[in-house]
Amino acid sequence: VVESGQMGWCSGSLVNNGTLVMDGFLSNSVVTVAGGATFGGGGTIGNTVSYSGGSAATNLVGTPLAVLTLDLAGDASMKLSTASPISAGVYPLINYTSLTGSGNFTNLTIGGAGLSGGASASLAFTNSSVSLLVVGGSPTPVPITYAVYGNQYVLNWPAGQGWILQS
């Protein structure tokens, strides 16, 4: 199930089986993820998300989940997907205000386009996020496109590459 938009029920939410992916805002509701169930996405949870032992978090790299409190009540898995192969860098997966519980993310699975050749990945905790730490690998080449309009030569390149036009 994929939920998007703003939801505001006040009672708790239990993900008991299957996968629930958020792409919106959920306020005032504690989300509990039971063993065998999966929860994640790129939305915002205005309360606690609690991962029980044997549960899983899921995310598309590049769209972190934001939560008030991340509770690792037990050891959980992290299941990720990538739209294109990713190379060296730090990629936020879950941003949180506070971290509770004694569990951890103990198993990392990366699907979709995966990692660039030669890259390896692990999970890293900071004081406000769970991030994917990728080391090694070759960056995926990004083409510059061009067009000719009369006597103008127009160059276009993707954002986020760190390129700067200098004359």
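**Figure 1. Aromatic pairs in the predicted model.** Three aromatic pairs are present in the structure, which is a predicted model. In one of the pairs, Tyr51 and Phe105, the ring centres are 5.8 Å apart and the planes meet at 70 degrees, so this pair is edge-to-face. Tyr51 belongs to strand E6 (residues 44-51) and Phe105 to strand E11 (residues 105-112), so the pair ties together parts that are 54 residues apart in sequence. Tyr51 and Phe105 are both buried. Tyr146 and Tyr153 also form an aromatic pair, here a stacked one, with 5.5 Å from centre to centre and 25 degrees between the planes. Both Tyr146 and Tyr153 are exposed. An aromatic cluster is formed by Tyr51, Phe105 and Phe125.

**Figure 2. The nonpolar surface patch around strands E14 and E15.** Six residues, Ile144, Tyr146, Val148, Tyr153, Leu155 and Trp157, make up a nonpolar patch on the surface, and together they have about 640 Å² of accessible area. Strand E14 (145-149) and strand E15 (152-156) are the elements that give two or more residues to the nonpolar patch. Val148, a patch member, is found in strand E14. Val148 counts as exposed because its relative accessibility is 53%, and the cut-off for exposed is over 50%. The stacked pair of Tyr146 and Tyr153 is part of this patch. For the protein as a whole, the accessible surface comes to about 8900 Å², and carbon and sulfur atoms account for 54% of it.

**Figure 3. The largest nonpolar core.** In soluble globular proteins, nonpolar side chains tend to be buried together. Here the largest nonpolar core has 28 residues. Phe39, Ile45, Tyr51, Leu70, Ile94 and Phe105 are the residues with the most contacts inside this core. Two or more residues come from each of E3, E4, E6, strand E8 (65-72), E9, strand E10 (89-100) and strand E13 (129-136). E8 gives the most to this core, with four residues. Ile94 is in contact with Ala57, Pro64, Leu65, Val67, Leu70, Met78, Phe105, Ser128, Ser129 and Val130, leaving aside neighbours within four places in sequence. Of the 167 residues of the protein, 34% count as buried.

Figure 4. Met78 is found in strand E9 (residues 76-82). With a relative accessibility of 1%, Met78 counts as buried, because the cut-off for buried is under 20%. Neighbours within four places in sequence set aside, the contacts of Met78 are Ala57, Leu93, Ile94, Phe105, Asn107, Leu108, Thr109, Leu123 and Val130. Met78 and Asn59 lie 19 residues apart in sequence, with a C-alpha to C-alpha separation of 8.1 Å.

Figure 5. Strand E7 (residues 56-60) holds Ala57. Ala57 is buried, its relative accessible area being 1%. Residues up to four places away in sequence are not counted here; beyond them, Ala57 touches Thr38, Phe39, Tyr51, Ser77, Met78, Lys79, Ile94 and Phe105. Tyr51 and Phe105, the edge-to-face pair, are thus among the residues that Ala57 touches. In sequence Ala57 and Leu108 are 51 residues apart, while in space they are 9.8 Å apart, C-alpha to C-alpha. Among contacts in the protein between residues at least 6 apart in sequence, 37% join residues at least 24 apart.

Figure 6. Ser13 is placed in strand E2 (residues 13-15). Its relative accessible area is 14%, and Ser13 is buried. The contacts of Ser13, apart from neighbours within four places in sequence, are Leu26, Ser29, Val30, Val31 and Thr32. Asn28 is in the loop between strand E3 (19-26) and strand E4 (31-33). The phi angle of Asn28 is near 60 degrees, a positive value in a residue other than glycine. Asn28 counts as partly exposed, at 45% relative accessibility.

Note on methods: Residues are numbered from 1 along each chain as its sequence is written. This is a predicted model: local features need pLDDT of at least 70, side-chain atom pairs count only at pLDDT 80 or more; totals for chains, interfaces and linings use all residues. Side-chain values use heavy atoms; hydrogens and water are left out. Buried means under 20% relative accessible area, exposed over 50%, partly exposed in between (1.4 Å probe, protein chains only). Contact means heavy atoms within 4.5 Å. Accessible areas come from the Shrake-Rupley method with a 1.4 Å probe; for residues, only the protein chains shown count as cover. Patches are made of residues with over 30% relative accessible area and no salt bridge: like charges are joined within 9 Å, nonpolar side chains (Val, Leu, Ile, Met, Phe, Trp, Tyr) within 5 Å. A salt bridge is a side-chain nitrogen of Lys or Arg within 4 Å of a carboxyl oxygen of Asp or Glu. Rings of Phe, Tyr and Trp (its six-membered ring) pair if their centres lie within 6.5 Å; planes under 30 degrees apart count as stacked, over 60 as edge-to-face and the rest as tilted. A nonpolar core is a set of buried Ala, Val, Leu, Ile, Met, Phe, Trp, Tyr and Cys residues joined through side-chain atoms within 4.5 Å.
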